[in-house]
Amino acid sequence: YAAAQAPRATPWWRARRDELVALGSSGGPRYVYDLATVRERARALRAFAAPDRWFYALKANSHPAVLRAIADEGFGLECVSLPELERAGDIVGGERLLFTPNFAARDEYEAALARGAFVTLDNLHPLEHWGESFAGRDVILRVDLGVGRGHHDKVRTGGAGSKFGLDLSQVDTFRELARRHGARVTGLHAHLGSGILDAAHWREVYAQLAALAQRFSRIESINIGGGLGVPARHDEAPLDLAALDAALAEIKRAYPQFALWLEPGRYLVADAGVLLARVTQTKRKGDYRYVGLDAGMNALIRPALYEAWHDIANLSRLDDPADTLYQVVGPICESGDVLGTNRRLPECREGDVVVVAQAGAYGAVMASHYNLREPAQEIVW
Ligand code: LLP
């Protein structure tokens with residue numbers, strides 16, 4: 001797994017800098033995706049020994065060409081809304097679709113069942129109120145294991161105060177409701193959050209779900225979620241893929257009776273995408289130097305929402321010394337419209353092409369038309 005694990009000396013966008021500068025010089029901000037990187041990440045995961053099925057959480061990046069590449073590498077597609085199901089359903093059959101919504105309306109579940117997707121419930125409400133929709137059906141139960149994990153509070157999906165997952169105290173009630181309505185609980189699921197870099201995490205989740213499975217008569221699959229992290233800051237250690245592979249193989253040996261499923265999103269696409277933007281203006285105010293881009297929080301909201309770190313480089317001046325401390329900002333009328341604080345860059349000029357790295361996951365999919373600005377277009381290489 002060396003290629004996937006080592007922070008690569010030369011990210012793909014550095015090697016293709018001239019093409020990116022040519023592309024970025026006109027036409028507005030762009031997301032550019034490198035499909036070779038997507039495929040490389042997909043293959044690194046598919047080489048694991050233990051998992052029986054991999055689903056790609058397409059909320060991370062739902063560009064059709066990205067989905068096709070990932071499906072082509074053998075992944076199913078994990079969806080959380082009807083439009084996601086429709087897009088995924090154009091690419092793979094129902095048996096490769098997994099529907100894991102949260103507080104979705106009844107018709108969305110019915111549409112997912114009609115497509116033949118695996119359907120995950122994480123509340124009593126669907127069986128209490130729409131029991132007949134699930135009669136004779138297989139369902140997967142998502143539980144809250146009582147704790148959340150991940151790179152930021154806003155992406156942790158477990159524990160008190162989290163809206164996700166069935167409380168463990170309600171598991172017997174859920175089982176009873178399913179029995180009463182003739183639904184079969186054939187899978188258990190937990191996803192504790194996003195951006196987890198500790199390989200031991202997923203083994204713990206599997207062990208807990210395998211123990212819970214004893215309370216049901218016919219659990220076939222255990223889905224231990226996604227959350228596979230990609231380091232953003234240079235002092236973070238990457239997720240140790242070899243250790244994760246070994247941990248999953250070990251826990252699968254302990255409980256071989258269940259099919260092991262995972263549903264990563266970010267891991268496959270984060271490094272594969274960059275946001276290209278142009279310098280609009282530069283400014284000095286007090287002690288600060290600002291460099292303004294034509295893309296801001298409308299294109300990439302992660303820094304504003306999670307204080308997420310994205311490497312930023314001036315592609316037009318990649319070889320110049322990075323000797324100026326900048327606040328890298330967008331054109332949106334909000335103080336939070338900052339893509340990077342205190343970044344050392346070469347002296348920037350109007351028209352320079354800047355790259356915001358690791359923007360392939362949760363970038364374009366979270367963009368908005370705030371201030372009536374067009375979010376960045378997406379391009380696939
Ligand atoms: N499964 C479930 C049930 C999920 O809710 C998610 C992500 C995934 C899988 C995929 O997680 P991943 O492998 O990508 O970490 N917008 C945030 C991340 C939110 C994740 C939402 N759920 C960000 O930009 O960091």
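Over which residues does pLDDT stay under 50, and how many contacts beyond four places in sequence does the model have for them? Please then go through the shell around the ligand.

Mentor: The model is predicted, so local features need pLDDT of at least 70 and side-chain atom pairs count only at pLDDT 80 or more, while totals for chains, interfaces and linings use all residues. Residues are numbered from 1 along each chain as its sequence is written. pLDDT, the predictor's confidence in each residue from 0 to 100, stays under 50 over residues 1-8, and the model has eleven contacts beyond four places in sequence for them; a contact is a pair of C-beta atoms, placed from the backbone, within 7 Å. Where pLDDT is low, the predicted coordinates should not be read in detail. For the protein, the mean pLDDT is 96, with 98% of residues at 70 or more.

As for the ligand, 21 residues surround it, the closest being S194, G226, G265, R266 and Y362; a residue is near if its C-beta atom, placed from the backbone, lies within 6 Å. The shell divides into eight nonpolar, nine polar and four charged residues, with Gly counted as polar and Asp, Glu, Lys and Arg as charged. Helices α12 (266-269) and α13 (302-306) each supply at least two shell residues; helices are DSSP runs (H or I, at least four residues). Because domain 1 (35-269) and domain 2 (270-380) both give residues to the shell, the ligand lies between them; the bounds come from an automatic or database domain assignment. The predictor gives the complex an ipTM of 0.99 and a pTM of 0.96.

How values were computed. Contact = placed C-beta atoms within 7 Å.
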